Amino acid sequence: MDGRGNRVVDHPLRDVSFSEPLDPDFDSLNATVTGMERNAQRLGRALVVVVDDRVAQSEHEDTTGPLVTELLEEAGFIVDGNVAVAGEAVEIRNALNTAVIGGVDVVITVGGTGVSPRDVTPDATSGVLDRPVPGIAEALRASGLAAGAVDAGVSRGLVGVSGSTLVVNLAGSRAAIRDGMATLTPLVTHVIEQLSGMDEI
């Protein structure tokens with residue numbers, strides 16, 4: 001023991017055992033580090049925009065928005081909300097602009113990516129984007145088609161950056177959502193790191 005009551009080990013380092021903590025505050029320090037690691041797992045803020053006429057008019061229960069929210073939270077995002085809008089370009093564009101102005105890291109739209117007259121999500125999105133990221137959109141189509149999600153395979157959905165927000169259009173089926181989120185999560189993490197400058201650290 002030294003003058004402060006600490007144990008002094010004279011043996012070579014290879015013989016030292018750390019099975020018992022020497023510092024009485026070790027447990028509290030470990031808890032603090034664990035908490036920091038959990039906070040670090042939070043990738044950022046997200047918003048979900050469901051494009052569906054019936055859901056927007058409260059004629060049909062929204063089942064896709066909660067699914068996207070659940071998958072985002074599992075991936076480590078804090079979801080600010082789940083907004084339903086009709087398949088109108090103005091409403092979709094307003095929802096996206098609100099998300100961008102609000103400073104979310106990623107906004108994901110669900111639905112309205114096909115070729116019917118009411119499928120205008122990509123058209124509304126194109127006017128909001130500063131820089132398209134076509135590689136992610138193509139990855140979503142390819143993985144969706146391989147997974148049997150036909151609506152994902154033929155989706156006109158766009159992906160791009162508006163300000164410091166990543167905007168993603170997903171097709172509306174549950175299969176397209178599940179496959180799309182599995183493909184999207186690691187890519188979104190990389191984009192967010194680039195937008196925030198974290199990849200330069």
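**Figure 1. Overview of the predicted chain.** The accessible surface of the chain comes to about 11400 Å², and carbon and sulfur atoms hold 54% of that area. Accessible areas come from the Shrake-Rupley method with a 1.4 Å probe, and for residues only the protein chains shown count as cover. This is a predicted model, in which local features need pLDDT of at least 70 and side-chain atom pairs count only at pLDDT 80 or more, while totals for chains, interfaces and linings use all residues. Residues are numbered from 1 along each chain as its sequence is written, and side-chain values use heavy atoms, with hydrogens and water left out. The chain has eight helices and six strands. Helices (H or I, at least four residues) and strands (E, at least two) are DSSP runs, numbered from the N terminus. Along the sequence the pattern reads α-β-α-α-β-α-β-α-β-α-α-β-β-α. Of the 201 residues, 39% are buried. Buried means under 20% relative accessible area, exposed means over 50%, and partly exposed lies in between (1.4 Å probe, protein chains only). Among contacts with a separation of 6 or more, 75% join residues 24 or more positions apart. A contact means heavy atoms within 4.5 Å.

Figure 2. Strands of a sheet pair through backbone hydrogen bonds, either parallel or antiparallel. Two strands count as paired if DSSP finds at least two bridges between them. Strand β5 (residues 159–162) pairs with strand β6 (residues 165–170) in the antiparallel sense, over four bridges. Here valine 159 stands opposite valine 168 in β6.

**Figure 3. Threonine 109, a buried residue in strand β3.** Threonine 109 lies in β3. Its relative accessible area is 0%, so threonine 109 counts as buried. The side chain of threonine 109 makes a polar contact with the side chain of asparagine 169, at 2.8 Å. A polar contact is a pair of N or O atoms within 3.5 Å; within protein, one must be able to donate a hydrogen and the other to accept it, and residues adjacent in sequence count only if both atoms are side-chain atoms. Leaving out residues up to four places away in sequence, threonine 109 touches Val49, Leu96, Thr121, Val168, Asn169 and Leu170.

**Figure 4. The salt-bridge network of Asp53, Glu88 and Arg118.** The structure holds five salt bridges. A salt bridge is a side-chain nitrogen of Lys or Arg within 4 Å of a carboxyl oxygen of Asp or Glu. Asp53, Glu88 and Arg118 are linked in a network of such bridges. Arginine 118 bridges to aspartate 53, with the closest N and O atoms 3.0 Å apart. Arginine 118 lies in the loop between β3 (106–110) and α5 (121–126), and aspartate 53 lies in helix α2 (residues 53–56), so the pair ties together parts 65 residues apart in sequence. Arginine 118 also bridges to glutamate 88, with the closest N and O atoms 2.8 Å apart. Glutamate 88 sits in the loop between β2 (77–85) and α4, so this pair ties together parts 30 residues apart in sequence. How accessible is each partner? Arginine 118 is partly exposed at 38% relative accessibility. Aspartate 53 is partly exposed at 25%, and glutamate 88 is partly exposed at 35%.

Figure 5. The side chains of arginine 141 and glutamate 138 meet in a salt bridge, 3.0 Å from N to O. Both residues lie in helix α6 (residues 134–146), three residues apart, about one turn of the helix. Arginine 141 is buried at 18% relative accessibility, whereas glutamate 138 is partly exposed at 46%.

**Figure 6. Glutamate 91 in helix α4.** Glutamate 91 lies in helix α4 (residues 89–101). Its relative accessibility is 37%, so glutamate 91 counts as partly exposed. A polar atom of the glutamate 91 side chain lies 3.2 Å from the backbone nitrogen of alanine 86. Apart from neighbours within four places in sequence, glutamate 91 is in contact with Val85 and Ala86. The C-alpha atoms of glutamate 91 and valine 51 are separated by 9.2 Å, and the two residues are 40 residues apart along the chain.
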